[in-house]
Amino acid sequence: MQIDYHLFDLGNRKSFEKQCKQILQKKPDGILLAPSFTAEATDFTRQCDEAGIPYVLIDSTLAGHHALCYVGPHLFRSGYLCAQLIQFYLRGSGTIVLVNISAVPGEWSSFSQINEGFIAYHRYYSLGNEIVQLNIPSIDSTTAQQQLDQIFEQQAVGAVFVTNSRVFTVASYLEQKGHSDIFLAGYDFLPRNIDYLKKNTIDLLLCHRPGAQGYLGLLKLYQHTVLRKEADPILYMPIDIITRENHAFYNDHIGG
């Protein structure tokens, strides 16, 4: 197999569209796609369908797609699980802030599924926590700080849940403000997140094994295009819970 990488700017739709156009011009035998921009990714997969190019989606899915397979997390269940874990700490008291951070306004599709799962847990168990949703349409730390200041001035915050990998942005804010008593959870095993995890500023990270997603996604394409083997339509990843105590032993790749 020959693998070509097409990288794009997560904050630039045009960058994504440019790469999609280049991929279609190459007419590859298969495509592995993380659909970061919903509308553009949906249009891209439609063109793949028309061209007869099989594709596998990883990390998040698209409504009405015809992908060979989806390899990634069950986002609703991931949010549901985090709500349960936070309750172990809060014991039913305190305001919870759900923070969605994105440089592209309107791209909240994967966040919404996580948010829905989180809120569903509280509804199912009739919990009385006030849940405040904060959408920060910028990755700029100053913007985040300003919006977080407004929330903390108005609410007695007990926990914060960041629904993507930018939990380090909120960790930096809590550290600067001296809010060491606030429970903080988020996503992804990134160096900046791990640094704050070691310091107990971040209490836990949920991880969906991105390395394994890439490996298994390529494996599904190989099995389909070379072995002519039918793929299962969905392969959900485990939801790993990483803390300061176990982070040193974590490896998200197949085979260690």
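Predicted model: local features only at pLDDT ≥ 70, side-chain atom pairs only at ≥ 80, totals over all residues.

Biologist: Start with H1 and H2. At roughly what angle do their axes cross?

Modeller: Roughly 5 degrees, and the axes come within 10 Å. Angles under 35 degrees count as roughly parallel, so H1 and H2 are roughly parallel to each other. H1 covers residues 13–26 and H2 covers residues 38–51.

Biologist: Which residues meet there?

Modeller: From H1, Arg-13, Phe-16, Glu-17, Cys-20, Ile-23 and Leu-24. On the H2 side they meet Glu-40, Ala-41, Phe-44, Gln-47 and Cys-48.

Biologist: How many of those are nonpolar, polar and charged?

Modeller: The contact of H1 with H2 has 7 nonpolar residues, 1 polar and 3 charged.

Biologist: Moving on. How do H5 and H6 sit, roughly parallel or oblique?

Modeller: Their axes cross at roughly 60 degrees and come within 11 Å, and H5 and H6 are therefore oblique to each other. H5 is residues 141–154 and H6 is residues 167–177.

Biologist: Is that crossing left-handed or right-handed?

Modeller: The crossing of H5 and H6 is right-handed. H5 brings Ala-144, Gln-145, Leu-148, Asp-149 and Phe-152 to the contact. H6 brings Thr-169, Val-170, Tyr-173, Leu-174, Gln-176 and Lys-177. By class, the contact of H5 with H6 has 6 nonpolar, 3 polar and 2 charged residues.

Biologist: And H6 with H7: what are the angle and the handedness?

Modeller: The axes of H6 and H7, which is residues 191–198, cross at roughly 40 degrees and come within 9 Å. The crossing of H6 and H7 is left-handed. H6 uses Val-167, Phe-168, Ala-171, Ser-172 and Glu-175 here, against Arg-192, Asn-193 and Tyr-196 of H7. The contact of H6 with H7 comes to 4 nonpolar, 2 polar and 2 charged residues.

Technical notes:
Residues numbered from 1 in each chain as written. Heavy atoms only, no water. Axes fitted to C-alpha atoms, helices over the stretch in contact; angles between N-to-C directions. Helix = DSSP H or I, 4+ residues; strand = E, 2+ residues; numbered from the N terminus. Parallel < 35°, antiparallel > 145°, perpendicular 65-115°, else oblique. Left-handed = near helix turned anticlockwise from the far one by under 90°. Contact = heavy atoms within 4.5 Å. Nonpolar A, V, L, I, M, F, W, Y, C, P; charged D, E, K, R; others polar.
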